[in-house]
2 protein chains.
Amino acid sequence: VPGGDSTSARPTVALDGFGAESGFDALAAGARLAAADGIRLRVFGSPGELSLDGVAGIEVIPTAEWIRQEEDPIPAVRSHAEASVVRAAADVHSGDSDAMASVGSTGATMAAATFGLRRLAGVKRPALAALIPLPSGPVLILDVGASVEARGQHLIQFAFLGAAFSTAVLDVANPRVGLLSNGAESSKGTPAVVEAHQALAEAPGMDFVGNVEGTDLVGPPDVLVTDGFTGNVTLKTMEGTAKLIGNAIRGAARSNPLTAVGGLLMRPTLTSLRDELDPNATGGAVLLGLRQPAVVGHGASDAEGVANAVRLAARCVELDAPRRTGELLRSANATRGQLGGDSAPDLTAEA
Amino acid sequence: VPGGDSTSARPTVALDGFGAESGFDALAAGARLAAADGIRLRVFGSPGELSLDGVAGIEVIPTAEWIRQEEDPIPAVRSHAEASVVRAAADVHSGDSDAMASVGSTGATMAAATFGLRRLAGVKRPALAALIPLPSGPVLILDVGASVEARGQHLIQFAFLGAAFSTAVLDVANPRVGLLSNGAESSKGTPAVVEAHQALAEAPGMDFVGNVEGTDLVGPPDVLVTDGFTGNVTLKTMEGTAKLIGNAIRGAARSNPLTAVGGLLMRPTLTSLRDELDPNATGGAVLLGLRQPAVVGHGASDAEGVANAVRLAARCVELDAPRRTGELLRSANATRGQLGGDSAPDLTAEA
């Protein structure tokens, strides 16, 4: 095992060995890259497809079942205890691994982690947080799809979860937190957004910058809070718009000899811009609010994307992110009991 | 009056003479550009600020009051009958103008039009529709802010309103209609989105392409349906992302002599791309579901943006858009009575 003696040993990450859109080779190559960094991996997949025999630091646990993108995730996870992503979650729960990562079905990964790992004390709901690598600096946006709808109380807790993660893992001492809305005024937004705005504006210890619009992405806050439906649509719209503009520039650059020369001279610039905005670069999204880290990689991850998902999971373990997030939540009085009434039953809460 | 005899005379547009972020000069210059096309304008504003005395086809109706961006639009519109945007709506209602346009407060313009103009028979709620000028073709997205939340029944009617407008004004014979969601599967989305998906998939005469994600903007549908909160956030995120990338390219182009030359050679390309994505180019958003056209111009409109808002209002009149939209709604069985139950009271419906 690389990485030296046991005290400095890096964490063990349970990796889902199925579901990579770019195939088993990319998944296996990503696992090798992460192992080369000293991270230990337990991969739940097909030894034949992955060809990882004898790679130092990697153990493949033969697994034949997996949950497809098109399956309804909650029933699929509940009924397939042998599916790779469910086994990865169980491996973390049993302590054989320290964190889990998957680049398969986002819904199945979230369901497996939500049911298989324990909730942090006082957390109403986990939230999926994605780091958007903007040229002006990274923005942590949450929820991007753990739930489709959110009440005001959920948005308030997402703000604290995001701020705590930003401090614990991203090293932002006093994260600026904004609320995604359809206007800057405190009266703008759905009833849930208006309620959350009022509470966050008065929350001690929270650097709340108010409502943020999609046009405010230049000079954005460190943490951007929204419900899972809007967050998912927003994140994908940014990706779609960036792709669209990239295509248009490439098309235009080919349209005549002068612009072709211009495009050639600017290629390094355009490439580095593309790399900056590449979702593979950040390793994916993290499910916040659980006692162990769960990373949901980008479905279209290449080998580097898979490796970065595993690295992100390992980094969360090494930085003790869940425990520190829980402590920051408690010190901010932002746990379920402290935030007050929540009339709907919380079906997924730990007993 | 330019434009020839009375049978070929172009429509009269009531223009709000206040609220342009780029100032009175841009507003007046825009009015002149539209008048030069033969459109007649009745401008509710300050004759001294606008300096439009003696311009053929333009009448300035002296108006001192107006509703600011930061005012809560519904109470402001209800309590200020003399405000410019409220007078513009009244002018259309009385028949002195054929359509209205404003580049002032979006909320105030929508409220003034919703209260001041009559609803098309059977329409539950108006929806604000914006045309996004993508390189691959324009996409009509609605609602982008007439309401913040939408039930399934509203989304279904937005789909029909958008499709009808697309055919009547944008000349798309069989518009492809998509539903913005957080996943392609029919089970993905809020309960309202899932309900609308089921109904639209079975709706005769509707070319429903299913759920559309923000990453699908390359090769998008003709009409994209969503609630006003998500639509507003999505539209602004596209604008924000485009601006961000534009800034990054300009910054990078200046970073060294070779990329500077490249940037110079590509400048016409980048400029034409910027123009294609420029919200000023489309004239703004149209409030659908009313008996007379109301255009909400972009707040940051320059003179060309103001002129395009007026041109869009006039074009809707000339194409008889509201009547044709109403007919298409009825023939698609998509009016309120035909769509069935709507338990919540409809406070703004016509008596």
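**Exercise 1. Locate B:Asp143 in chain B and describe the peptide bond that joins B:Leu142 to this residue.**

Solution. In this predicted model, B:Asp143 sits in the loop that runs between strand 6 (137-142) and helix 6 (152-170) of chain B. The next step is to look at the bond between B:Leu142 and B:Asp143, which is a cis peptide bond with omega of about -5°. Turning to chain A, a cis peptide bond joins A:Leu142 and A:Asp143, where omega is about -5°, and A:Asp143 is placed in the loop between strand 6 (137-142) and helix 6 (152-168) of chain A.

**Exercise 2. Work out which rotation and shift superpose chain B on chain A, and what relation this is.**

Solution. Two copies of a chain are related by a rotation about an axis and a shift along it. Here a rotation of 180°, with 0.1 Å of shift along its axis, brings chain B onto chain A with an RMSD of 0.1 Å, and that is the relation of a two-fold axis. To find where chain B comes nearest to the axis, one looks for the C-alpha nearest to it, which belongs to B:Gly262 and is 1.9 Å away. The same surface serves both copies, since 100% of the contact residues of chain B recur in chain A.

**Exercise 3. Describe the interface between chain B and chain A, beginning with the residues in contact and ending with the helices that supply them.**

Solution. First, 52 residues of chain B are in contact with 52 residues of chain A. Second, the area buried between the two chains is about 4600 Å², and carbon and sulfur atoms give 76% of this area. In chain B, the residues that lose the most area to chain A are B:Phe229, B:Leu244 and B:Met266, which together make up 14% of what that side buries. Third, the polar side of the interface is described by 6 residue pairs in polar contact, with both residues at pLDDT 80 or more.

**Exercise 4. Decide whether B:Lys236 and A:Glu213, which form a salt bridge, are buried or exposed.**

Solution. The count of salt bridges between chain B and chain A is 2. In one of them, B:Lys236 pairs with A:Glu213, the closest N and O atoms being 2.3 Å apart. This pair crosses from helix 8 of chain B to the loop between strand 8 (207-212) and strand 9 (223-225) of chain A. Buried means under 20% relative accessible area; B:Lys236, at 18%, is therefore buried, and A:Glu213, at 15%, counts as buried as well. A salt bridge also joins the side chains of A:Lys236 and B:Glu213, at 2.3 Å from N to O, and both of these residues are buried.

**Exercise 5. Find where B:Arg10 and B:Glu318, the partners of a salt bridge within chain B, are placed.**

Solution. The closest N and O atoms of B:Arg10 and B:Glu318 are 2.8 Å apart. B:Arg10 belongs to the segment before strand 1 (12-16) and B:Glu318 to helix 10 (residues 303-318), so that the pair links distant parts of the chain, 308 residues apart. B:Arg10 is partly exposed, at 22% relative accessibility, and B:Glu318 is likewise partly exposed, at 41%.

Definitions and conventions. Residues are numbered from 1 along each chain as its sequence is written. Chains are lettered from A and ligands numbered from 1 in the order in which they are written. This is a predicted model: local features need pLDDT of at least 70, side-chain atom pairs count only at pLDDT 80 or more; totals for chains, interfaces and linings use all residues. Side-chain values use heavy atoms; hydrogens and water are left out. Contact means heavy atoms within 4.5 Å. Buried area is the accessible area (1.4 Å probe) that two parts lose on being put together, summed over both. A salt bridge is a side-chain nitrogen of Lys or Arg within 4 Å of a carboxyl oxygen of Asp or Glu. A polar contact is a pair of N or O atoms within 3.5 Å; within protein, one must be able to donate a hydrogen and the other to accept it, and residues adjacent in sequence count only if both atoms are side-chain atoms. Helices (H or I, at least four residues) and strands (E, at least two) are DSSP runs, numbered from the N terminus. Copies are superposed by least squares on the C-alpha atoms of residues with pLDDT of at least 70 in both. Buried means under 20% relative accessible area, exposed over 50%, partly exposed in between (1.4 Å probe, protein chains only).
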